[in-house]
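Here's a walk through the model, part by part. Keep the structure open alongside as you read.

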Protein chains: 2
Amino acid sequence: MKVLIIGGAGMIGRKLAERLARDGELGGKAISKLTLYDVVPGVVPAGARMPVDVKTGDLPAAGEAAKLVADKPEVVFHLAAIVSGEAEQDFDKGYRINMDGTRSVLEAVRAAGHVPRLVFASSIAVFGAPFPEAIGDEFFHQPLTSYGAQKSIGELLVSDYSRKGFVDGVSLRLPTICVRPGKPNKAASGFFSNIMREPLAGAEAVLPVSDSVMHWHASPRAAVEFMRHAATIDTARLGARRAVTLPGLAVTVGEQIAALKKVAGDKVVARIRREPDPFIEKIVAGWPRKFAAQRALDLGFKPDASFEEIIRIHIEDELGGRIA
Amino acid sequence: MKVLIIGGAGMIGRKLAERLARDGELGGKAISKLTLYDVVPGVVPAGARMPVDVKTGDLPAAGEAAKLVADKPEVVFHLAAIVSGEAEQDFDKGYRINMDGTRSVLEAVRAAGHVPRLVFASSIAVFGAPFPEAIGDEFFHQPLTSYGAQKSIGELLVSDYSRKGFVDGVSLRLPTICVRPGKPNKAASGFFSNIMREPLAGAEAVLPVSDSVMHWHASPRAAVEFMRHAATIDTARLGARRAVTLPGLAVTVGEQIAALKKVAGDKVVARIRREPDPFIEKIVAGWPRKFAAQRALDLGFKPDASFEEIIRIHIEDELGGRIA
């Protein structure tokens, strides 16, 4: 079985590639080839149990997606995207990659004619405030960003192409990924990860919002599991409704900090500096806080066990088990 | 003020053009020019109180939409679409006109830079079964046709381009139009109108479903009023949620027939022949029956007063007041 990861150099793409390379299989089927595609070269996972092709290119360019699926990969993960902040600043680029790029993947797959499983990374950004207390599985999509609009359009396309039998698609609305590895980033949501990752690494982190702010989280490891599960689930169970809001953990910043204290102690927690920023407070107030993701649970998608578990996953996967 | 109707040769486009031509104004502003654009030539309304331009062309073709908005019309009605049945049969044509065409209008308007009011004709086809008893304003969009997917994408684009300040858009989810004038058509929904129009004109009509089937209706006259209201409403009241489910009448086929009897008598009703068709019954079972369109009511959109009124409108507007 051939597997293609579009967006294979990104954070989730890389972790998914590492997992698949280590397992050598997906859903009980041996992977004969893994292709990582992105705008920058992906990294061949060490000790991969199959040949790994690394390709780069411009996804919506004419003929590009067709080349990518020419060898008819049985499973395609489409994770490539211009992220929220950039899609908001560069309207044309966001639509070109997030909308036209997704459509070009679907059109290429339709032309190839082999009806692969397609796992499309969507986002809770398809929802826009005001929200009910917990957002249900039938709440409408009223995005408040271009990124959210583009992801919502992607979902509609994946569902319609699936209904027509051109692809066997699943769209996954990922929670915010926490603890996100790497450098502190300037995304408005960055602090949710920064206040965990930086103190654990011995550095200070700024908390710009109050402790009562609640948000919807999943670990990178859970995200990889969501992808693998979506690639192997019986899609007859989804019917025509191919988009799934994934289960996360709804925790407040205060609960995040309490979990950090439990796992890593007072010394680490003391590295969080409270510096309220009304601008970020306001942005965050418009974000989803909590979902009733019952459908995903029924479909076998599993949330992290607890926020402490999310922190332990970070320590294990990113810090080699050591806290600074 | 210049007004452009894209899809100006269609049923609603024609009636809207006649109304605007007769009024000479919209929202208290004199109309200096009315342009009717479609794939086939529109008809200049008799006695129009302003110059009327009739143009034909292929909307998504390169440069076409830009030409259309070159004179910066202050109000654009975008009603052009490949209808449901055809969009389902011809996948490429449906996406080309309904999705690419709508995007090309938005891009042209964005390039023109004058931020016109845009009224986009969407549809209750953005919703897909299973439904709650009455579909609320926050029910999600899970279309079961390519047409519904394309309209839903159009709504997302109109909202996002509006949020960015490129256009001042309103998307209207029209109820099924009844009584639809013209020849009996083969659309699965045709019978809702056929069983009214044909008997009133002295002809037989076939009713393929049971009397208990409920559906969501508005008269052509109400549809024109929806368009005019949307063109003049204060869009600040819509916020970021630019799509509105319009108020219709939820009536059963039995109630339709009772209304026909009241307005036109037993002789006319006797021209309805019951001929159950399980195929059509099944299609219709997947359609919306009823909405709680509270938001539209709050925004001042008005449904027809009763189904009898819908029949009287047809007799007045299409039959010159005479029943056969």
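## Two domains in chain A

The centres of domain 1 and domain 2 of chain A, taken over C-alpha atoms, are 26 Å apart. Domain 1 covers 2–175 + 220–245, while domain 2 covers 176–219 + 248–289 + 305–324; these bounds come from an automatic or database domain assignment. Where they meet, 14 residues from domain 1 of chain A touch 14 residues from domain 2 of chain A, a contact being two C-beta atoms, placed from the backbone, within 7 Å.

On the domain 1 side of chain A, helix H7 (residues 220–232) gives the most, with 4 residues. That side has 12 nonpolar, 1 polar and 1 charged residues. Here Ala, Val, Leu, Ile, Met, Phe, Trp, Tyr, Cys and Pro count as nonpolar, Asp, Glu, Lys and Arg as charged, and the others, Gly among them, as polar.

A quick word on ground rules: this is a predicted model, with local features needing pLDDT of at least 70 and side-chain atom pairs pLDDT 80 or more, while totals for chains, interfaces and linings use all residues. Residues are numbered from 1 along each chain as its sequence is written, and chains are lettered from A and ligands numbered from 1 in the order in which they are written.

## How the two chains meet

Chain A puts 18 residues in contact with 18 residues of chain B. Helix H5 (residues 146–163) of chain A gives the most to chain A's side, with 7 residues; helices (H or I, at least four residues) and strands (E, at least two) are DSSP runs, numbered from the N terminus. By class, chain A's side has 8 nonpolar, 6 polar and 4 charged residues.

The same surface serves both copies, as 100% of the contact residues of chain A recur in chain B.

## Strand S6 of chain B

What does strand S6 (residues 75–78) of chain B pair with? Strand S1 (residues 2–6) of chain B runs parallel to S6(B) over 4 bridges, and strand S7 (residues 117–123) of chain B also pairs with S6(B) in the parallel sense, over 4 bridges. Strands count as paired if DSSP finds at least two bridges between them. B:Ile6 has B:His78 as its bridge partner, and B:Phe77 stands opposite B:Val119.

B:Val75 and B:Phe77 point one way from S6(B), B:Val76 and B:His78 the other, and all are buried. Buried means 20 or more other C-beta atoms within 10 Å, exposed 12 or fewer, and partly exposed in between, with C-beta atoms placed from the backbone. Beyond its neighbours within four places in sequence, B:Ile5 is in contact with residues including B:Leu36, B:Phe77 and B:Leu79.

Most residues other than glycine have a negative phi, and most peptide bonds are trans. A cis bond joins B:Ala129 and B:Pro130, with B:Pro130 in the loop between S7 and helix H5 (146–163) of chain B.

A:Lys72, though not a glycine, has a positive phi of about 50 degrees. A:Lys72 is partly exposed, with 14 other C-beta atoms within 10 Å.
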